[in-house]
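Hi,

Here is the structure I promised to pass on. Please open it first, then read my notes below.

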Amino acid sequence: MAENFNHIDQIIRQKFENFEPEPPAQVWENVRSGLKKSPPPPSSSGFVMPVIVVVSLLLFIGGLMHHLYLNDSGSNLRTARASALSIQKASVFSTDYTTTSDITLQQEVYQTSSEVPVASISSTGPDQAIQLDQQPVIPPVRDAFGQTYQGDRKQKKAKNNPSVPLNSTSRTGQWKPGLVQTLAAGELSYADAVKYDLSARDVRKLSGFQEYARHNRADWSIGFYFNPEVTRCNDQSIENTVSYSASILPQVSFNRFFIQSGLSMRFTQDKGNYAIDYNRYLGSYEDVYNVTFDSTENGVIPTYYTHTVEVYDTVNHYSISETKANYTYLEIPLLMGYRYNFGKFSLFAKAGPAASFLVIKNIPDAGYPEDKARIINVDYQIPVRSVVNWQMMLGAGFDYQLADKFSFSLEPTFRFTLKPEFDLPDGARGNTTSFGIRAGLNYNF
Amino acid sequence: MYSDKELIERCLENDPKAQELLYKRFSGRMYGVCLRFARNTLEADDILQEGFIKVFSFLKDFRHDGSLEGWIRRTIVNTAINYYNSKQNEWSETSIKMAESYQSVSEEILDKISTNDLLNLIHELPEGYRLVFNLYIIEGYNHKEIAEMLNISENTSKSQLSRARTALQQRLIQRK
């Protein structure tokens, strides 16, 4: 019965062997228009990403500027408005007694084109502070320590008259760059600069600047991290994957803000199948393709020239095998963050974009489903990954100071793709989200 | 006349003429495949269209391990399978004995019948029967392979083939 089936099957198969009907012309038109549509339109992330990067950078730089400059003057203004400022130890006003030389000195410090603070000497004792009473004057100007005062323009008349008491005299003038550095009346320490909340610009002109600058310079460090992650794709046909990243990320800090960038290598793996159409190997025979006859004393001797012909089953067979494809990505993140220190610990949060480039793709070759089989076609059923994708990375964690220059870092990470990681059929978007734990060591220069 | 390899290279450069050439080279044979799997010409047109869009979209993944025609054929067959899988066929098992009378269909009837008539008879088969019939008898896959492709059991594949044979035989006899 089976032979009969096979024979009838063979007849049916032969009927369709050369069956090549002409498809309607409209099909090609539809295919062509489908092909024009198939390249996905420029992803919105192509436009959004540069905007995100630029806005992030602007916000960061703006915040930094605010922190270094505007914030100082703002806090000074608040201080000045609140009460008289008492400075007991500073380069300019560090003498024990207010003398004519002090006045002269102050006159030297200021030029005459703008207003200067009105100083009210409330005490002349050696251990008592010099009190600077604020007078309402518009516009406000800044003194040597960045304090903002408001003076009375009417008091300008007394500006060059040493005999006029300071409490009744206003001085006009401009800061003379470099003059204060020449004063030998003591040094301003970093602690003083912090205590009096001096602006960086003004402190830079004082003899304590080097120490201050040492505490306020950009700090560089480099981190070596390892980051296992679990990635989930929004497309149900793609299984969750586990990836591992090794990163070298230099970091520059400006007080509490920092920027981190560098290189990461991410290794990941996709599960898939390969479907093989093949013909079974049935055996071989020697095919005679030429015969020669040589006449010898013993008669005619034929010589047969042969080659081996391998015989395969004409019926297609189909086999599905599991496989794993390996991928290596080169990633360049640009992260911006904020850090808060307490003791040996510091907490931080950071965010930023990252570009991922698929640099190595390793899909194992399909194995032979049967010995000596003839493979007709191999169909890899493995998710197709895009060569470049953009991601947004977020992280928050802590550093622990292990030694003077070393700290340990641990942070949960989250990332989501802005440009899909997978190219799915029919233009679907294979966006992914990943959760991971990043751990590593930082070296502080 | 371009070789398959040259044609692929030009298609990968998005050369419209090469794409049309490739389509014309294989569309006839593939339309034949589609017509066998489809219920009518409209469905065959859809499958051919969708299949060729996939062919052009994934041509970069063709690894030259086998013939281009084999790869395209496989893509078209997969498209046809997906087309009907999406309709959530209900597969049912039946006794394999039902097909025993298939042998009674003489070779004469089959020899006399034209390909188009045979195609019409295949079109009349229910979807599940038609899929298994095409995959087993014409494409040459065995039941284990069909079971993997259609995500059904081997017994289901066998029973579907058995029913397909019976149904085809009845139609052939009626036509006689």
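A salt bridge here is a side-chain nitrogen of Lys or Arg within 4 Å of a carboxyl oxygen of Asp or Glu. By that rule, the count over all chains is 25. Keep in mind that this is a predicted model.

One salt bridge crosses between chains. Asp277(A) pairs with Arg74(B), and their closest N and O atoms are 3.3 Å apart. Asp277(A) sits in strand S8 of chain A, residues 263-279. Arg74(B) belongs to helix H4 of chain B, residues 68-85. Both Asp277(A) and Arg74(B) are buried.

Now two pairs within chain B. Asp15(B) and Arg10(B) form a salt bridge, 2.2 Å from N to O. Asp15(B) counts as buried because its relative accessibility is 16%, and buried means under 20%. Arg10(B) has 22%, so Arg10(B) is partly exposed.

Glu43(B) and Arg39(B) also meet in a salt bridge, at 2.6 Å from N to O. Glu43(B) is at 6%, so Glu43(B) is buried. Arg39(B) is partly exposed at 39%.

Chain A also holds a network. Salt bridges link Glu229(A), Arg266(A), Asp270(A), Glu331(A), Arg385(A), Arg415(A) and Glu421(A).

Last, chain A as a whole. Chain A has seven helices and 19 strands. Of its 445 residues, 41% are buried. Among contacts in chain A with a separation of 6 or more, 71% join residues 24 or more positions apart.

Best wishes

Methods. Residues numbered from 1 in each chain as written. Chains lettered and ligands numbered in written order. Predicted model: local features only at pLDDT ≥ 70, side-chain atom pairs only at ≥ 80, totals over all residues. Heavy atoms only, no water. Helix = DSSP H or I, 4+ residues; strand = E, 2+ residues; numbered from the N terminus. Buried < 20%, exposed > 50% of the residue type's maximum accessible area, 1.4 Å probe, protein only. Contact = heavy atoms within 4.5 Å.
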